[in-house]
Amino acid sequence: MKTRITELFGIEHPIIQGGMHYVGFAELAAAVSNAGGLGCITGLTQKTPGDLANEIAKCKDLTDKPFAVNLTFLPTVSSPDYPGYVKAIIQGGVKAVETAGRNPVEVLPYLKDAGIKVIHKCTSVRHSLKAQAIGCDAVSVDGFECGGHPGEDDIPNMILLPRAADELEIPFVASGGMADGRSLVAALALGAEGMNMGTRFIATQEAPVHQRVKDAIVAASELDTRLVMRPLRNTERVITNEAVERLLAKEKALGDQIKFEDIIDEVAGVYPRIMINGEMEAGAWSCGMVAGLINDVPTCKALIDRIMAEADALIRQRLEGMLSGSFAAAK
């Protein structure tokens, strides 16, 4: 399948693995890229620019296909060494960067001068237009269904994607609720040029996370996520557990008087404990509503091959059959 996204990033299939904290290591990124998608290393999971340089080198040993690095710009008092991370990305010969969080305009010239393609994660049309205006090559449009931070507008992809298609000139991918061939065909029909998957890629053989994390995603339904930190305007969609319900109780009790310090035990520093050690009640961790569509833990290649086969069958048989009146083929 050829789209503007496959052409932009030099990949076989219009499927991107988004950056995920303590999930996006070289093993997963390389497996996705080797399967024809665009794998992604999560930059800030690496504690220093030197660590990121080593992870990039490891990924290049595992694949000769294009892969990306996610760089999330956080609104923190003690900022990470962003110049160092950008330098590691450029010197590592990375061809694509997924930016997220705050506006990446300060680092964009350095990435563009190095010939790196930039895709920015956005949760609204207005942010997507801003990304286009500052020179991003593409955007990942994240609907309200997505795991992690869905923004504060609460617009689901059935509305958000067509709106993005109406306004944008640069290509975009759909993110949030993406899991299979149906997701891909729907995203394409709504104007996207591909899809970004996060939660679905956690439940794969190559994802370097504890088996309990994968089991929790497979066991979850679409009803098992919660929105936390909404009173702080830092809304995050997470899978429910004891820590999350405790956090929500604090939000309800404290109302608009709540401060980050009140919930720090449930959200700060919990990812290594959950993703690596499998301490499933340690705190809140991002998971999309798409968990309700995830029922197995395949290899990345098996997953991507299955998605593309499903998409092909949907387009050539079900949809084409409807146009031709051949309902038997359309079932």
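Colleague: Which residue in β4 is the bridge partner of Thr72?

Modeller: In β4, Thr72 has Ala100 as its bridge partner. This is a predicted model, in which local features need pLDDT of at least 70, side-chain atom pairs count only at pLDDT 80 or more, and totals for chains, interfaces and linings use all residues. Residues are numbered from 1 along each chain as its sequence is written, and side-chain values use heavy atoms, with hydrogens and water left out.

Colleague: What joins β4 to β5?

Modeller: There are 4 bridges between β4 and strand β5 (residues 117-122), again in parallel. Ala96 stands opposite Lys117 in β5. The sheet is open and has 8 strands in the order β1-β8-β7-β6-β5-β4-β3-β2.

Colleague: Why are β1 and β2 called edge strands?

Modeller: β1 (15-17) and β2 (39-42) each pair on one side only. From one strand to the next, the twist averages 30°.

Colleague: Which helix lies across β3 and β4, and at what angle to β3 does it run?

Modeller: Helix α4 (residues 82-91) lies across β3 and β4 and runs at about 170° to β3. Axes are lines fitted to C-alpha atoms, for helices over the stretch in contact (heavy atoms within 4.5 Å). Angles run from 0 to 180 degrees between N-to-C directions.

Colleague: How do you know whether β4 is enclosed?

Modeller: Buried means under 20% relative accessible area, exposed means over 50%, and partly exposed lies in between (1.4 Å probe, protein chains only). In β4, 5 of the 6 residues are buried, so the strand is largely enclosed by the rest of the structure.

Colleague: What makes Arg233 buried or exposed?

Modeller: Arg233 has a relative accessible area of 62%, which is over 50%, so Arg233 is exposed. Arg233 also lies in the loop between β9 and β10, and has a positive phi of about 55° although it is not a glycine.

Colleague: What is the relative accessibility of Asn241, and how does Asn241 count?

Modeller: The value for Asn241 is 8%, so Asn241 counts as buried. Asn241 is in the loop between β10 and α11 (242-254). Leaving aside neighbours within four places in sequence, Asn241 is in contact with Met280, Glu281, Gly283 and Trp285.

Methods:
Two strands pair if DSSP finds at least two bridges between them. Helices (H or I, at least four residues) and strands (E, at least two) are DSSP runs, numbered from the N terminus.
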